[in-house]
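Reader: I have a model open on my screen. Can you walk me through it?

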Amino acid sequence: AAVKIGPLSDRFGRSKIFVYMGLVNLVSNAVCAFAVSSYVDTHIYLIIFTGCISSLGGGTFALAANINSYITDIIEPEDRTASMSTVTSIMHAVVGLSPLISSFLIKLNNGNDMVSVYCSLISISLFTLLCMFMIKESRHPDAMEMSRNTHRKRLESMVSTHSIRLSGSHTFTSRSYQYIRYRIEQILEIFSPLKELWLPPTISGSLVPRYNVLLLISLDSLVVFSTMALMPALILFTTYEYSWKSVEIGYFISFSGLCNAVVLWTVSWLLSRWLSSKYAKVNHSVDKVDITTLQISCVSLILGTGVLLAYASTSKGIICHVIIKSVSAIMGPTLQSTIVKYYGTNTGQVFGGVALLHSIGMLFSPAIMLKIYGSTVSKKPETFLFLPFLVCIVAFGLTFFLRVIYIHDPIMK
């Protein structure tokens with residue numbers, strides 16, 4: 001679903017996609033509330049089914065992609081990083097505060113766990129209603145119509161090509177082959193947003209923008225691997241090494257989210273102002289402000305992971321890890337706002353492609369980390385941390401290959 005959300009938002013609008021996501025999650029949470037209620041026996045497959053419903057909304061990555069597309073529509077390029085940082089900080093703050101609020105409400109209601117489910121239903125209902133009646137559409141009607149026409153022409157071209165191929169096929173085998181080929185092309189069309197990430201040359205024939213975008217996407221994927229994909233194995237590590245229970249883990253997640261929020265509210269703003277006073281901003285290309293921000297973020301990831309490796313035996317090590325690593329929270333908004341500098345109005349396709357890569361990465365990366373952790377936990381449980389540590393070093397090295405284009409050289413259409 002994540003890969004289709006972006007193109008759909010280009011064709012039908014960002015606000016409609018927000019409403020769709022809200023409705024899907026509302027249905028999912030309602031089914032979840034029923035599945036864990038006293039009206040039915042606990043059924044594991046019904047609970048899994050609720051997760052399947054929720055995934056139709058695209059998940060967190062798709063939501064973040066649509067938010068970034070909305071911001072890109074209404075905010076000038078030089079202010080997008082700050083705007084995306086503000087929104088991301090709010091999301092981190094909510095992640096940090098939600099477990100605390102949920103725990104408080106459950107205790108207030110004599111340990112009734114259903115309170116958190118009801119609160120979730122109320123929150124999603126409010127979100128959906130606000131998107132329906134309060135959020136204005138950011139995308140111009142002409143731009144949506146142009147995206148719909150482009151999509152329709154692409155589908156018509158596929159059908160026309162298929163018809164031509166069929167007319168030249170006279171045997172059952174060849175016609176079957178063409179039919180299967182056409183169906184495969186239709187399936188691959190789902191992944192069309194990924195094509196947007198492969199930029200054509202500029203009018204002068206330069207491929208620097210393409211290389212820059214590919215480097216930025218690689219950095220984005222490496223950051224996801226070294227932060228989000230690390231969490232499942234890291235949580236297991238804390239239960240083994242520090243004997244943490246669900247309460248301590250909840251506090252840890254809250255502390256991590258709030259640290260990221262504070263950094264995005266304060267440090268990112270101060271850092272942006274300081275770097276903007278030293279370097280000139282460029283609206284059509286990655287610039288020195290972006291590169292320096294990315295390098296500082298990578299250094300914080302390297303230092304944070306290094307501290308955790310050095311002091312893995314004590315819980316103070318993981319607290320220092322969270323504090324130091326939180327400086328890198330600005331890296332996500334910086335990467336997103338920098339990537340979109342190379343594109344025009346159809347940013348939904350771009351962010352949809354990035355969200356797809358995130359989703360694919362999150363399918364395999366946590367499993368890799370958990371496999372390493374499971375294989376080494378009895379000998380040296382912190383061994384799994386060496387992989388994200390090396391990934392952060394690689395990411396830091398990649399930042400030095402980014403090139404600033406000071407003279408605007410438009411991309412070929």
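**Helix packing and a cavity**

Author: Helices α2 and α6 run roughly antiparallel to each other, because an angle over 145 degrees counts as that. This is a predicted model, where local features need pLDDT of at least 70, side-chain atom pairs count only at pLDDT 80 or more, and totals for chains, interfaces and linings use all residues. Residues are numbered from 1 along each chain as its sequence is written, and side-chain values use heavy atoms, with hydrogens and water left out.

Reader: At roughly what angle do the axes of α2 and α6 cross?

Author: Roughly 160°, and the axes come within 9 Å. α2 covers residues 14-35 and α6 residues 114-133. Helices here are DSSP runs (H or I, at least four residues), numbered from the N terminus. Axes are lines fitted to C-alpha atoms over the stretch in contact, with angles from 0 to 180 degrees between N-to-C directions.

Reader: Which residues in α2 meet α6?

Author: Among them are Phe-18, Leu-23 and Ala-33, and the α6 side includes Val-117, Ile-124 and Met-132. Contact means heavy atoms within 4.5 Å.

Reader: New topic. Which residues line the largest cavity?

Author: Thr-81, Ser-272, Lys-281, Val-289, Asp-290, Thr-293, Ile-330 and Thr-334. A cavity is a set of points on a 1 Å grid where a 1.4 Å probe fits but cannot get out, and lining residues have an atom within 4 Å of a point.

Reader: Which helix gives the largest share of that lining?

Author: α13 (residues 288-310), with three residues.

Conventions
Helices (H or I, at least four residues) and strands (E, at least two) are DSSP runs, numbered from the N terminus. Angles under 35 degrees count as roughly parallel, over 145 as roughly antiparallel, 65 to 115 as roughly perpendicular and the rest as oblique. On a 1 Å grid over the protein atoms alone, a cavity is a set of points where a 1.4 Å probe fits but cannot get out, and a pocket is an open set with protein on both sides within 12 Å along at least five of seven lines; lining residues have an atom within 4 Å of a point.
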